[in-house]
Amino acid sequence: MAETQLYLIRHGQTDWNVRAMLQGRTDIPLNDTGRQQAMEARQRLAGVHFDVVYSSPLQRAMDTASLVTGWPKERISPDRRLIEIAFGPYEGKDPHALGPGFAAFFTDPPAYRPPEGAESLESALERTGDFLAFAAKNHPGQTLLVAGHGAALHAMLTAALGNPLDQFWAVNLDNCRVAVLTRDEAARGGWRLTASDGTGAGAYLKKYLG
């Protein structure tokens with residue numbers, strides 16, 4: 001039987017990405033570079049047949065999924081379990097100006113305490129973990145594209161690999177980069193990371209706090 005595989009792709013660049021502003025659930029669209037990144041990802045993934053495509057309902061993720069696959073958005077399944085972590089009052093802010101309390105989000109995830117109105121990392125792990133269980137149960141042997149966001153996809157990777165919270169940023173998916181999870185019930189978190197074109201944990205620290 002074919003293995004269940006999830007191709008996790010982060011959305012393309014937005015103007016807020018360029019300015020290193022926290023987007024969270026603010027519905028910022030792709031910019032021209034982001035659309036080009038999605039088309040380049042389409043070329044890289046041209047040999048992959050996707051049985052189904054899931055996406056965060058935010059437009060930057062939905063548009064990325066549509067551009068990467070060539071599927072109309074009506075054919076893509078939006079799923080709120082894939083939405084970005086909410087940053088509450090921090091959305092639209094420069095993280096450099098938020099002090100050490102927010103810096104822990106990148107430098108020491110177990111110590112991060114969200115402000116009122118924001119989501120915790122533990123909550124993100126729970127909902128993305130629920131999506132993983134859903135995918136394994138409902139799509140055995142299929143290949144899925146899962147379009148989402150930096151923090152939410154890292155929560156999914158953490159849950160999938162059974163990693164501790166201090167390894168939250170270990171893979172680092174920049175805009176339109178891909179990580180592939182393959183179902184493996186014997187693995188610690190039920191999945192194996194079988195491919196990734198991420199660049200390592202330090203890139204997030206440099207971009208948002210450097």
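Residues are numbered from 1 along each chain as its sequence is written. In this predicted model, local features need pLDDT of at least 70 and side-chain atom pairs count only at pLDDT 80 or more, while totals for chains, interfaces and linings use all residues; side-chain values use heavy atoms, with hydrogens and water left out.

Six strands build an open sheet with mixed pairing, in the order 3-2-4-1-5-6. Here strands (E, at least two residues) and helices (H or I, at least four) are DSSP runs, numbered from the N terminus, and two strands pair if DSSP finds at least two bridges between them. Strand 3 (77–78) and strand 6 (191–196) are the edge strands, each pairing on one side only. Strand 1 (residues 5–10) pairs with strand 5 (residues 178–183) in the antiparallel sense over five bridges, and Leu8 has Ala179 as its bridge partner in strand 5. With strand 4, strand 1 pairs in the parallel sense over six bridges; Ile9 finds its bridge partner there in Ala147.

Strand 4 is mostly covered, as six of its six residues are buried, where buried means under 20% relative accessible area, exposed over 50% and partly exposed in between (1.4 Å probe, protein chains only). In a regular strand the side chains alternate between the two faces of the sheet. Thr143, Leu145 and Ala147 point one way from strand 4, and Leu144, Val146 and Gly148 point the other way.

Next come the helices. Helix 3 (59–69) has eight of its eleven residues buried, among them Met62, Ala65 and Val68. The buried residues of helix 3 pack against strand 1, helix 2, strand 2 (52–55), strand 3 and strand 4, with contact meaning heavy atoms within 4.5 Å. Just after helix 3, Gly70 takes a positive phi of about 80°.

Ala20, at about 55°, sits in the loop between helix 1 (15–18) and helix 2; at 10% relative accessibility, Ala20 counts as buried. Asn172, at about 65°, lies in the loop between helix 6 and strand 5. Asn172 counts as buried too, at 2% relative accessibility.

Finally, there are the spaces. On a 1 Å grid over the protein atoms alone, a cavity is a set of points where a 1.4 Å probe fits but cannot get out, and a pocket is an open set with protein on both sides within 12 Å along at least five of seven lines; lining residues have an atom within 4 Å of a point. Grid points are joined across faces, edges and corners, and a volume is the space filled by probe spheres set on the points. The largest pocket has a volume of about 150 Å³, and its lining includes Arg42, Phe50, Val68 and Trp71. Helix 2 (32–44) and helix 3 each supply at least two residues of this lining. The structure also holds two cavities of 30 Å³ or more. The second largest cavity has about 30 Å³ of space, and the residues lining it include His154, Leu157, Phe168 and Val171.
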